[in-house]
Amino acid sequence: MHNQAIGRKTSAMDKVWRVALYAVLLIAAAFYLMPFLVMLITSLKDVEEIRTGNLLSLPASLNFDSWSKAWSSACTGSSCEGISPFFMNSFLIVIPAVLISTLLGAINGYVISLWKFRGSDLFFAALLVGCFIPFQVILLPMAQTLGWLGIANTTSGLVFVHVVYGVAFTTLFFRNFYQSIPGELVKAARLDGAGFFTIFYRIILPVSTPIIVVTIIWQFTQIWNDFLFGVAFSGFDTQPVTVALNNLVNTSFGGKEYNVDMAAAIIAALPTLAVYVFAGKYFVRGLTAGAVKG
């Protein structure tokens, strides 16, 4: 009887702690979601309602005119075509940059971890240093390099910049993941006559899904949200959506349209939100797999 009483008391305490934990998590979630909620509410109001109401007051009626204007007719400097052209520019930059940097990182990580060569550790250390170089340090040399290559102020130039800066991170991710793969597996495949790319394609890539997902999500988020490289290395017609959003917010004719600004900010953030909503669990699984194996 005594043991049963202790068991019931322990069970009751577990429930109390669980409820307390959920309450803390809900409060934290509400705290972090509050700015987004304010943005969403503001984007659905008209300008007059924004001026006379308060931040958390619900709109009297749903008004999506600000969303339409932000997408297709808001002024971003001297152009009044909304953020839609720049939204597409971001995709034209992000997709090839993510794919190329992920592929290069996978090959680099494969070589450094499973095909040791003289100086491989020094090469990896140099790439590791690249992860900690601030953006600002490479602006001038990168601008000169883009000029030499003839791709300054182009989409290709921005893709090149993000690949160069991102390959250090992708190599680090893949190298740490591939450290868990037994070297004997590669040696056995070589004895069977398999070459460098055959081993990579048939043995290494099939087990790389978790780290590929992690790398793609990381690179997509970093490149999509980048502002500094976009404003420094793009021309007017090749600006990413982050630069266009900054121009929209700082451009006004007549009164300030906060609803349009908020709608544009949400639209610009939607791709990264979608990535984390639909692929967030795979991101966590990939990080966990790498931590357990490495």
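Biologist: In which loop is the place of Asn153?

Modeller: Before I answer, please note that this is a predicted model, in which local features need pLDDT of at least 70 and side-chain atom pairs count only at pLDDT 80 or more, while totals for chains, interfaces and linings use all residues. Residues are numbered from 1 along each chain as its sequence is written, and side-chain values use heavy atoms, with hydrogens and water left out. Helices are DSSP runs (H or I, at least four residues) numbered from the N terminus, and Asn153 sits in the loop between helix 6 (139-149) and helix 7 (155-178). Phi of Asn153 is near 60°, which is a positive value in a residue other than glycine.

Biologist: Is Asn153 buried, partly exposed or exposed?

Modeller: Buried means under 20% relative accessible area, exposed means over 50%, and partly exposed is in between, using a 1.4 Å probe and protein chains only. With a relative accessible area of 44%, Asn153 is partly exposed.

Biologist: How many salt bridges does the structure hold?

Modeller: A salt bridge is a side-chain nitrogen of Lys or Arg within 4 Å of a carboxyl oxygen of Asp or Glu, and the structure holds one. Lys69 forms it with Glu257, and their closest N and O atoms are 2.6 Å apart. Lys69 belongs to helix 3 (residues 65-72) and Glu257 to the loop between helix 12 (241-249) and helix 13 (258-293), so the pair ties together parts that are 188 residues apart in sequence. Lys69 is partly exposed at 28% relative accessibility, and Glu257 is partly exposed at 30%.

Biologist: Which residues of helix 3 are buried?

Modeller: In helix 3, Ser66, Trp67 and Ala70 are the buried residues. They cover an arc of only 100° around the axis (taken from the directions from the helix axis to the C-beta atoms), which puts them on the same side of helix 3. In general, an α-helix has 3.6 residues a turn, so residues three or four places apart point the same way.

Biologist: What does the pLDDT of the protein chain average?

Modeller: The term pLDDT is the predictor's confidence in each residue, from 0 to 100. The protein chain averages 84, and 91% of the residues score at least 70. Among the elements of the chain, helix 4 (residues 84-114) has the highest mean, 92, whereas helix 13 has the lowest, 78. Where pLDDT is low, the predicted coordinates should not be read in detail.

Notes. Helices (H or I, at least four residues) and strands (E, at least two) are DSSP runs, numbered from the N terminus.
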